[in-house]
Amino acid sequence: MITDDTTYWTVTTLSNMQYLNTTPGAYYNTTRSGGGMIVKFKFLPGDKYKFMLFVQATTYNITNESWTEAEGTVEFSKNEKGHTIFKTKPSKCFYRMNQNGKITERYATKEELATKHTTTYLWDKWTNPTDEKNEYLLILDLTANPGADVDKPETIKPDMVSKFLIPARKK
């Protein structure tokens, strides 16, 4: 799970597609991103982690962006059924919002650290036989999906599982 200094486990829907603004006005004939998100995890020696989330949405020529960056300790273990889990406990978290050019920044409160970012995840590594260039990490947020149970597949919907990847390590 530990990666080198520059590598993060990543999942993204952010597109490099640009949309042309054809609405008359100051921004006529300019381009904007359609938006998306990037989520990154880095696991470090000493049971530490870093988490980053960037979300961007552009609608009606208004762009909103949200940046969250958390770090703290992580504990890898197994749950009562023997499934691999990890628990994150942040020591700090920073938020930055850009609402059509108006930027606000702040640190998370102690309550937010405990309720929004202290999380338990079910995880497993996966090998995609059609993609040997990447290693995959499947993560299910058990805090957000408390009814999910690997032993009862009907309790897990595809949109509950995030598929992170990193470039395959040379053996």
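Visitor: Where is N128 found?
Guide: N128 sits in the loop between β9 and β10; strands like these are DSSP runs (E, at least two residues; helices are H or I, at least four), numbered from the N terminus. This is a predicted model, in which local features need pLDDT of at least 70 and side-chain atom pairs count only at pLDDT 80 or more, while totals for chains, interfaces and linings use all residues. Residues are numbered from 1 along each chain as its sequence is written, and side-chain values use heavy atoms, with hydrogens and water left out.

Visitor: Why is N128 called buried?
Guide: Buried means under 20% relative accessible area, exposed over 50%, and partly exposed in between (1.4 Å probe, protein chains only). N128 has a relative accessible area of 14%, so N128 is buried.

Visitor: What makes the link between the side chains of N128 and T130 a polar contact?
Guide: The two side chains come to 2.7 Å. A polar contact is a pair of N or O atoms within 3.5 Å; within protein, one must be able to donate a hydrogen and the other to accept it, and residues adjacent in sequence count only if both atoms are side-chain atoms.

Visitor: And E71, why is that residue called partly exposed?
Guide: The relative accessible area of E71 is 27%, so E71 is partly exposed. E71 lies in strand β6. Setting aside neighbours within four places in sequence, E71 is in contact (heavy atoms within 4.5 Å) with Y49, K50, P90, S91 and K92.

Visitor: How do you know that β6 pairs with β7?
Guide: Two strands pair if DSSP finds at least two bridges between them, and β6 and β7 have 15, in the antiparallel sense. On β5, antiparallel to β6, the count is 12 bridges, and Q56 stands opposite E65 in β6.

Visitor: What makes a group of residues a nonpolar core, and which residues have the most contacts inside the largest one?
Guide: A nonpolar core is a set of buried Ala, Val, Leu, Ile, Met, Phe, Trp, Tyr and Cys residues joined through side-chain atoms within 4.5 Å. The largest has 21 residues, with F41, F43, F86, L137, I139 and F164 making the most contacts inside it. Strands β4, β7 and β11 are among those that each supply at least two of its residues. Apart from this core lies another, of 6 residues, including I85 and M160. In soluble globular proteins, nonpolar side chains tend to be buried together.

Visitor: How many aromatic pairs are there?
Guide: The structure holds 14. Rings of Phe, Tyr and Trp (its six-membered ring) pair if their centres lie within 6.5 Å; planes under 30 degrees apart count as stacked, over 60 as edge-to-face and the rest as tilted.

Visitor: Why is the pair of F41 and F86 called edge-to-face?
Guide: The ring centres of F41 and F86 are 5.7 Å apart and the planes lie at 85°, so the pair is edge-to-face. F41 is in strand β4 and F86 in strand β7, 45 residues apart, and both are buried.

Visitor: Then what makes F54 and W67 a tilted pair?
Guide: Their ring centres are 6.4 Å apart and their planes at 55°, so this pair is tilted. F54, in strand β5, and W67, in strand β6, tie together parts that are 13 residues apart in sequence. At 18% relative accessibility, F54 counts as buried.
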